[in-house]
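Work through the following exercises with the sequence and the model open side by side.

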Amino acid sequence: MATIHELDELRATYLRFFESKGHLVHPSASLKSDDPTLMFNVAGMQQFKPYFQGATPRFAGFEGVWPRVVTAQKCMRAGGKDSDIENVGRTRRHHTFFEMLGNFSFGDYFKAEAAAWAWEFFTDPAWLGLDPERLWVTVFSDDDEAQRIWVEEVGVPPERVSRFGEADNFWPANAVKDGRSGPCGPCSEIFYDRGPDFGSPDETGPNTGSGDRFMEIWNLVFTQFDLVDGELRALPRQNIDTGMGFERLATVVSGARDAYGTELFGPSIRLIEAASGQPYRDLESVPQRIIADHARAVTMCISDGILPANDGAGYVIKMLLRRAARQAWTMGVREPLLHRLVDTVAESMGGAYPEVRDQRERVKAIVKAEEEQFLITLEAGIARVAQVFEGLSGGVLPGAVAFDLWQTYGFPLDLTVEMAAERGVRVDREGYREAREAARAISRAGATKATLFGAAGDLLGELAADVPATTSLAFEGLETDATVLALIAEGERSTVAGEGARVQVVLDRTPCYPEGGGQVGDAAKVTWPGGALLVGTTSRTPHGHVLHQGRVVRGRLSVGDAVHVVVDPARRETEKHHTATHLLHAALRRVLGDHVAQAGSLVVPDRLRFDVSHGSAITSEQLQEVERLANAWIQADLPVQAQVVPIEEARAAGAMMLFGEKYGERVRMVRIGGERSPSIELCGGTHVRRTGEIGALVVTGEEAAAAGVRRLEAVAGTAAVAHVQTLRAAVLAGARALGATPDTFEARIAKLQTDLRAAQRESAQLRDRLAAAQTGGAAGSEVAEAGGFRFATAALDGLDASALRNAADTLLQRSGADLVVVGSGQQLVVKVGAAARERGAHAGKLIRALAERGGGGGGGRPDMAQAGVRDAEGLRSALDAVAEVLTA
């Protein structure tokens, strides 16, 4: 069995092999997808789409052009149309999070090199040294070239090379059959024969039987066509896109049954065994496999900044947490478990992805908060399910009700089925599926159809092919001369834009900072002889072009025009707020502890928003200390210096590296202060030159943003002065209104609050006396009988909801009835005694029927319920209908 260290070395060996073949070892992209049509990064090639579409392969932090790249990419497939989450833990191949090893060529090498290098890596004793007799290859049915290369050049025996159709050996699968568009091509897969001890008896080769003996471990995609209107057209540049699942490679090298039997999951499964007291038994231990998989996925995603939320990718994380917590519950584990697995995931994955180890305390806090909340929900859900069964007529629980228990209360279907079986009730699973699909259809409404690549004629891809990337001057000043390289109007490229036109302009150089890192994109004014363009914001494309989005307010703008660009002076206020976020971050870590890490930010000219990982509310005393520290650094007028350095130098300096960000070999490090710097962070934004320029920082609010995440709002610079002036004006106005001074304002309010509470207590006492007087001796009511229950009713005057409930209690005690119905104004209350409840009386059901007679609605518990009615006439109708409803 391969150890964690050996598996880390296996991954590193793959990267070193292709580095020796002239590839750039590029870091994994974040699991957070930059593609708005995808929630997660789902493939190794996803971050390289611009280069497959023709952009020059230059990468931030790396010098030069790199047409050959190799990566170990973190991937996630859960929650989307390609998700097989129901199979996770139940089969040998399904996972939510996985790693994809990939080597890529952007118009450089092609099939011959890709095949030869794959074979060399697998079989050469200097690398993996696998037995070549165990390796099988498949090719696309029409790809004679690939067949020839494998047999004649690589030397694979013809009997171990098989041909398959579009469903198995074309990417995307069935692209031609399904009428897709965009870059595509045949693929060639390498399989490893694990021997007769694995798989099913009917496995005779690749793509037969269970697929557990002949395991596909590497897919080489030859992207050579553009599919247009059902026709395959040759691409001008042929690309290589390969993908090898690391979990499968680790399984082969470890000799395990599947990845769950390797040390990628071993530490987690051993902890689950200890916590549950149940030994792990391979495929029989589905709950343990689900928990281990989901804990890994959640840990990796949160480490990349994808936090539990109620929509999007964050909802998937919340759902995975709940699925895993429910599995732990079924195993008898009643205490939070998942947060403890963050440590075991860090043990397995932290060597390759240091951010997992660096963020473990923050991730544990978030996971534990979510888990504790769900365990409470689970307990409450059990009580809610019991109520549903209590009111159920018949032996079938409707699927829509079961789905509502999941959607509203987070109560899983499996547990609903289990509780139903205990009561002899069957759950309509088909109805559940229909309700779930209906909800999914609503959530998908309006979504656009997209492919992983997009069409070859994609607008930004066209720009990448013939327009050089924009040179950024954002750190050098607020204005410059530039040349117009491209215009986009109404979704199309154009050569000219007239007055009034809304356009996106690409310049050869710009002083504008494009939106990124939480900082808003710059506004600006672009002028030329006889014309002007007002830019509302700027953004950067994946290809490196800065888009200046605005409106031509005068004249005509053409491609090739020489222009002058001036950034809106509000940028200086934005810079104050951006530097203030760094000081705020440093102060929070000083006051709350080193577990605090940035979880998101927004920086605009008049305010900042800053999210940090912290498991509880920040007290007012802590906020005051944070504010004091930050302002002390501002008043010290510390220098703010930014420099591009090797990433190892930044690490050695102790620079904060934000989760969810990827970094190249060289990074931009922003240091505030000298050797005893309070803040060193990696940051690509713009900043003040010295902290004194900020003026002041005022924290204006603090609240929960998500489980384990706190959100702070603050203002700096001119906005801070305006905020203080507004507060001062409000205090002066309030003091004058209360006949106080600013110095006595607080004491005056405290006195008024004390007086108000005393008056409210006196008022409540008077209402209770009024209620008692009206119900004394059951006055105003008579005890009657209907449906086998003795009841009393009373219409009372001048009582609020609280007093009305007290009146119901009093009337029930004094009348000797089984139940009472009382009303006042537009409020109705039903109170049912214990003996009547045992005989089937239910206050909630009774009041719903009565409220309907009175033109209102409401409900409640079996013992007491409250509802509203339309008016006085409605109240009378409800009280008069008690006997009829009880009889019915």
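**Exercise 1.** What percentage of the contacts in the protein chain with a separation of 6 or more comes from residues 24 or more positions apart?

*Solution.* The model is predicted, so local features need pLDDT of at least 70 and side-chain atom pairs count only at pLDDT 80 or more, whereas totals for chains, interfaces and linings use all residues. Residues are numbered from 1 along each chain as its sequence is written, and side-chain values use heavy atoms, with hydrogens and water left out. Taking a contact as heavy atoms within 4.5 Å, residues 24 or more positions apart account for 67% of the contacts with a separation of 6 or more. The chain has 888 residues, of which 51% count as buried, meaning under 20% relative accessible area with a 1.4 Å probe and protein chains only.

**Exercise 2.** Describe how helices α8 and α9 meet.

*Solution.* Helices here are DSSP runs of H or I with at least four residues, and strands are runs of E with at least two, numbered from the N terminus. The axes of α8 (residues 286-303) and α9 (residues 312-330) come within 9 Å and cross at roughly 150 degrees, where axes are lines fitted to C-alpha atoms, for helices over the stretch in contact, and angles run from 0 to 180 degrees between N-to-C directions. The two helices are therefore roughly antiparallel, a term for angles over 145 degrees. On the α8 side the residues in contact include Ile290, His294 and Val298, while those of α9 include Leu320, Arg323 and Gln327.

**Exercise 3.** In what order do the strands of the open sheet that contains β23 and β28 stand, and which of them are at the edges?

*Solution.* The order is β23-β24-β29-β28, with antiparallel pairing; two strands pair if DSSP finds at least two bridges between them. Because β23 (598-604) and β28 (697-706) each have a single partner strand, one side of each is left without a neighbour in the sheet. Between β23 and β24 (residues 607-613) there are 6 bridges, and valine 604 has arginine 607 as its bridge partner in β24. Helix α18 (residues 620-635) lies across β28 and β29 (709-716), running at about 135 degrees to β28.

**Exercise 4.** Which residue in the turn between β30 and β31 has a positive phi?

*Solution.* Strands β30 (residues 783-786) and β31 (residues 789-796) run antiparallel and are joined by 4 bridges, with glutamate 785 opposite arginine 790. They form a hairpin with 2 residues between them, and glycine 787 in the turn has a positive phi of about 65 degrees.

Note on methods. Parallel < 35°, antiparallel > 145°, perpendicular 65-115°, else oblique. Buried < 20%, exposed > 50% of the residue type's maximum accessible area, 1.4 Å probe, protein only.
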